[in-house]
Amino acid sequence: LFDGVYPFYLQKRKAAVFDVNTIIVIVVFLTFAFSFLLIIPGIRGRARLYWTLRVLLSLAVGVVIVVVQFTGDWETGWVKTNTSYKSFSHALVNVDIGLHVGLAGVNVTLMGNPVNQLNETINYNEHFSWSFDTDYDHSYNEGLERGLPSPILYVAEKFTTQSACGVHRQYRISGHYASATLWVAFCTWLISNMLFSMPVLVYGGYMLLVTGAFMIFSLLSFSTVRNSPMCPIQFGTTALHTGYGGSFWLTLAVGLLCFVAGITVVALHYFNLDMLKTFFDLREDNAEEYQEMTEVYINPHFMNKGL
């Protein structure tokens, strides 16, 4: 050993905590939010509240659409068990094993209870990608070469193309189409903001409805993986079962929010246009226009002539 590490390893393995792409997206949207908060004191009266509500809700929808593209908890499951840690070894360890399925791959988490067992630190979070520009089987073979713990390799092997489970193609295609429909939803979200700022309010409401529809389509696309029978992931007498994760339910909630907001805008346009214009800070401008139109300028010369 060299400093506690086998000499053919470059460095100690470290568990991943946050995804870099997710952090970048969140920082970008937080920058927009803080920039708006700097100018909000310049808006007078009740319009300040309306502007704050509109901008923050819109940014929340946008950040969710983009962030869930990179998260790995669309489908997730955990199990606590005693299992072997390495191949050709009868030593058992008590661990928590987690499976986290995203749109672009799968994460397998291995956490010891306690973390230090068998003179080793058991804390792994390995990612295996199945996006169209990567090879899942190649990532799995690299894990074999690096000597990953047996539980991680056992779970990851279920999703290979050579596995008898046969779920690799279904997960890959479903994740690809779910991601594509979410990007379309992001484009329609941008268009809705443009229409609201023009302002063409009713068409902005229609585009919010389209945004919510594409978000629901992405959920339906990912849900098709449930049609494929999942191989049991068994560790002794315990089994690892998965269910829809946080990203799935967050996307559903934001999609329904877009539906509610779009229906509200369209309904107000047809039944209470004044309230809709007030919420979008357009009523004062219209009132000024009406006031200017009602002013009458009289020429005394023509008045006297007429008399």
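The questions and answers below walk through a predicted model of one protein chain.

User: In this predicted model, how many helices and strands are in the chain?
Analyst: The chain has 307 residues, and 41% of them count as buried. Among contacts between residues at least 6 apart in sequence, 65% join residues at least 24 apart. As for the elements themselves, the chain contains 10 helices and seven strands.

User: How many salt bridges does the structure hold?
Analyst: Side chains of opposite charge can pair when their charged atoms come close. The number of salt bridges in the structure is two.

User: How many residues apart in sequence are the parts that E120 and K86 tie together?
Analyst: E120 belongs to strand β4, residues 120-129, while K86 sits in the loop between β1 (75-84) and β2 (92-101), so the pair ties together parts whose separation in sequence is 34 residues.

User: Is E120 buried, partly exposed or exposed, and what of K86?
Analyst: A residue counts as buried under 20% relative accessible area and as exposed over 50%. The value for E120 is 23%, and the value for K86 is 34%. Because each value falls between those two cut-offs, E120 is partly exposed, and K86 is likewise partly exposed.

User: What is the nearest side chain of opposite charge to D137, and how far away is it?
Analyst: D137 lies in helix α3, which covers residues 136-146. Leaving aside neighbours within four places in sequence, D137 is in contact with T160 and T161. D137 is buried yet has no salt bridge, and the nearest side chain of opposite charge is R172, at 8.9 Å.

User: Why can helix α4 be called largely enclosed by the rest of the structure?
Analyst: The buried residues of α4 are S150, P151, I152, L153, V155 and A156. These buried residues pack against β1, β2, β3 (105-117), β4, α3 and β5 (233-235). Helix α4 spans residues 150-157, and it is largely enclosed because the buried share of its eight residues is six.

User: What is the length of the polar contact that joins the side chains of N82 and N94?
Analyst: N82 has its place in strand β1, and its contacts, leaving aside neighbours within four places in sequence, are V93 and N94. N82 and N94 are 12 residues apart along the chain, yet their C-alpha atoms are separated by 4.5 Å. The polar contact between their side chains has a length of 2.8 Å.

User: How much helix and how much strand are in residues 91-110, and how much in residues 202-225?
Analyst: An unreviewed UniProt entry places the feature "transmembrane region" at several spans, including 91-110 and 202-225. In the model, the end C-alpha atoms of residues 91-110 lie 16 Å apart, while those of residues 202-225 lie 37 Å apart. Residues 91-110 are 0% helix and 80% strand, and residues 202-225 are 92% helix and 0% strand.

User: Is S218 buried or exposed?
Analyst: S218 lies in helix α6, residues 201-223. Not counting residues up to four places away in sequence, S218 touches A178, T181, L182 and T251. With a relative accessibility of 0%, S218 counts as buried.

User: Is I263 buried or exposed?
Analyst: I263 lies in helix α7, residues 246-271. I263 and V202 are 61 residues apart in sequence, and their C-alpha atoms are 9.7 Å apart in space. The relative accessible area of I263 is 53%, so I263 counts as exposed.

User: How many disulfides does the structure hold?
Analyst: A disulfide is a covalent bond between the sulfur atoms of two cysteines. Among the cysteines, C187 is partly exposed at 44% relative accessibility, whereas C258 is buried at 1%. The number of disulfides in the structure is zero.

Notes
Residues are numbered from 1 along each chain as its sequence is written. This is a predicted model: local features need pLDDT of at least 70, side-chain atom pairs count only at pLDDT 80 or more; totals for chains, interfaces and linings use all residues. Side-chain values use heavy atoms; hydrogens and water are left out. Helices (H or I, at least four residues) and strands (E, at least two) are DSSP runs, numbered from the N terminus. Buried means under 20% relative accessible area, exposed over 50%, partly exposed in between (1.4 Å probe, protein chains only). Lys and Arg count as positive and Asp and Glu as negative; His and the chain ends are not counted. A salt bridge is a side-chain nitrogen of Lys or Arg within 4 Å of a carboxyl oxygen of Asp or Glu. Contact means heavy atoms within 4.5 Å. UniProt positions are given in the numbering used here, feature names are shortened, and annotations may be inferred rather than shown by experiment. A polar contact is a pair of N or O atoms within 3.5 Å; within protein, one must be able to donate a hydrogen and the other to accept it, and residues adjacent in sequence count only if both atoms are side-chain atoms. A disulfide is a pair of cysteine sulfur atoms within 2.5 Å.
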